[in-house]
Amino acid sequence: GGDGWRLYEYITRHFIATVSADCKYLQTTISFSIGPERFTCIGKVVTSPGFTEIMPWHSIPLEESLPHCEKGDLFPIGEIKLLEKQTSPPDYLTEAELITLMEKHGIGTDASIPVHINNICQRNYVTVESGRRLKPTNLGIVLVHGYYKIDAELVLPTIRSAVEKQLNLIALGKANYHQVLEHTLDIFKRKFHYFVDSIAGMDELMEVSFSPLAATGKPLSRCGKCHRFMKYIQAKPSRLHCSHCDDTYSLPQNGTIKLYKELRCPLDDFELVLWSSGSRGKSYPLCPYCYNHPPFRDMKKGMGCNECTHPTCQHSLSMLGIGQCVECENGVLVLDSTSGPKWKMACNKCNVIVHFFENAHKVRVSPETCDLCDAALVDVDFNKAKSPLPGDETQHSGCIFCDPVFQDLVELKHAAMRHPMHRGGQGKRQGRGRGKGRRPGGRLNPKKPKDKMAALAAYFV
């Protein structure tokens with residue numbers, strides 16, 4: 001039904017038309033004079049419709065037929081008009097017309113051509129209008145003019161067609177693969193360096209059509225170099241830009257970014273920002289500079305403060321790490337110091353979240369460790385009116401895994417992520433912090449015994 005039937009009918013009619021007779025028609029051309037001016041008129045009369053009976057949309061319309069006439073006949077002039085018009089640009093290419101041109105110039109294959117069209121749509125170079133016509137966007141137009149201004153071969157089909165011909169020769173065994181590869185890479189390497197050296201020409205065109213980066217976004221946090229406010233650009237990919245230093249710093253995606261208590265990183269003096277995936281998700285502070293330029297060898301680009309191995313920073317893994325994650329191998333459960341009064345700790349690798357000590361007034365990670373599992377002890381201070389501790393006590397210190405007082409106050413969950421996990425912290429490395437790796441005192445923590453891991457799993461069931 002619906003479009004399915006229309007498609008079936010079209011395919012069936014097309015097949016029947018391919019085995020039908022040709023359409024035959026008689027074409028007549030009439031030449032005539034009006035005063036000193038000569039004119040011609042062409043008309044068609046169908047003698048045998050052939051396949052157009054099956055595909056009537058290809059038939060010759062009746063208005064193209066001419067009346068019967070003989071040489072020397074005279075006809076009265078019904079009306080004479082002189083219209084003043086301007087030339088109009090050709091219409092935008094349809095997908096079919098673009099494919100035809102690509103095939104004509106030897107660009108792409110049957111498999112790569114549809115991918116190419118999909119790419120230019122996804123990258124916002126064109127939009128698909130009615131009739132499947134591809135309308136260039138401002139970005140697409142500026143890019144084409146910029147490439148043409150710097151290196152026309154990056155836009156024209158010549159170099160791409162030449163590469164395709166070389167690939168065909170490789171397939172036929174008439175060219176050496178490694179020689180073609182080396183030659184092609186050398187060409188594009190030279191073109192890339194030339195383009196980078198001439199990038200100012202592209203910037204000039206961009207500034208005419210688009211706002212400069214410095215004019216967008218809203219002030220959020222201070223730069224550690226010039227101590228001026230950097231602007232937060234929310235458009236993906238979200239980032240921070242310092243217009244004074246002309247530096248841009250990438251941020252974790254698929255979440256919200258806000259200023260973190262105007263606190264500064266002790267390493268570079270940049271103001272910290274807080275990334276959050278939502279009220280039921282994860283959150284952690286990060287330094288924009290450290291996130292893009294890891295300060296320690298065991299850190300990788302895209303890591304926040306919950307993975308930083310700074311030994312004394314109050315926001316680092318060394319100070320807030322509690323214990324090894326109960327699900328993943330490399331993760332460390334880190335206290336989310338911004339989560340109160342609904343306190344939680346989250347794994348800095350996977351999406352495990354542990355909720356504990358709701359309505360507690362203060363939660364701190366102690367420098368002492370558990371004798372059984374070597375996880376860091378936690379100091380909890382409850383409000384007197386809402387304390388769940390026995391004997392109306394308000395303060396208690398213990399291991400969240402082993403202390404029987406804390407057993408009923410701990411709940412394991414998984415973060416609710418609206419989007420796939422941000423790319424920060426995907427690298428495999430040994431987590432450093434309390435409960436895993438090296439503590440500030442320098443002694444390596446022993447591995448947890450297998451029976452202890454079973455007990456931990458039982459606590460969270």
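I began with the second largest pocket, where β1 (24–34) gives the most to the lining, with five residues. This is a predicted model, in which local features need pLDDT of at least 70, side-chain atom pairs count only at pLDDT 80 or more, and totals for chains, interfaces and linings use all residues. Residues are numbered from 1 along each chain as its sequence is written, and side-chain values use heavy atoms, with hydrogens and water left out.

I noted the pocket criterion: on a 1 Å grid over the protein atoms alone, a pocket is an open set of points where a 1.4 Å probe fits, with protein on both sides within 12 Å along at least five of seven lines; lining residues have an atom within 4 Å of a point. A volume is the space filled by probe spheres set on the points, which are joined across faces, edges and corners.

The second largest pocket holds about 650 Å³ of space. I found 22 residues lining it, and the closest to its centre are F32, S33, I34, F75 and I77. The elements that give this lining two or more residues are β1 and β2 (37–48); strands here are DSSP runs of E, at least two residues, and helices are runs of H or I, at least four, numbered from the N terminus. By class, the lining has 13 nonpolar, four polar and five charged residues. Nonpolar covers Ala, Val, Leu, Ile, Met, Phe, Trp, Tyr, Cys and Pro, charged covers Asp, Glu, Lys and Arg, and the others, Gly among them, count as polar.

Next I looked up the largest pocket, with a volume of about 1400 Å³. Of its 30 lining residues, H116, I120, V144, L154 and V155 are the closest to the centre. At least two residues each come from α2, α3, β4 (133–136), α4 (138–150) and α5 (158–171). α4 gives the most to this lining, with seven residues. By class I have 22 nonpolar, five polar and three charged residues for the lining of the largest pocket.

Then I turned to the helix pairs. Axes are lines fitted to C-alpha atoms, for helices over the stretch in contact, and angles run from 0 to 180 degrees between N-to-C directions. Contact means heavy atoms within 4.5 Å.

Helix α2 (residues 95–104) packs on helix α3 (residues 112–122) at about 125°, with the axes 11 Å apart. That makes α2 oblique to α3 (under 35 degrees is roughly parallel, over 145 roughly antiparallel, 65 to 115 roughly perpendicular, the rest oblique). From α2, E95, L98, I99, M102 and E103 meet I113, H116, I117 and I120 of α3. I classed this contact as six nonpolar, one polar and two charged residues.

What angle do α4 and α7 cross at? The axes of α4 and helix α7 (residues 199–209) cross at roughly 155° and come within 9 Å. The two helices are therefore roughly antiparallel to each other. In α4, the contact residues include L139, V142 and L143, and in α7 they include G201, M202 and E204. The classes are eight nonpolar, four polar and two charged residues for α4 with α7.

Last, I looked up α5 and helix α6 (residues 177–197), whose axes come within 10 Å and cross at roughly 165°. That makes α5 roughly antiparallel to α6. I159, V163, Q166 and I170 of α5 make the contact with Y177, V180, T184, I187, F188 and K191 of α6. I listed seven nonpolar, two polar and one charged residues there.
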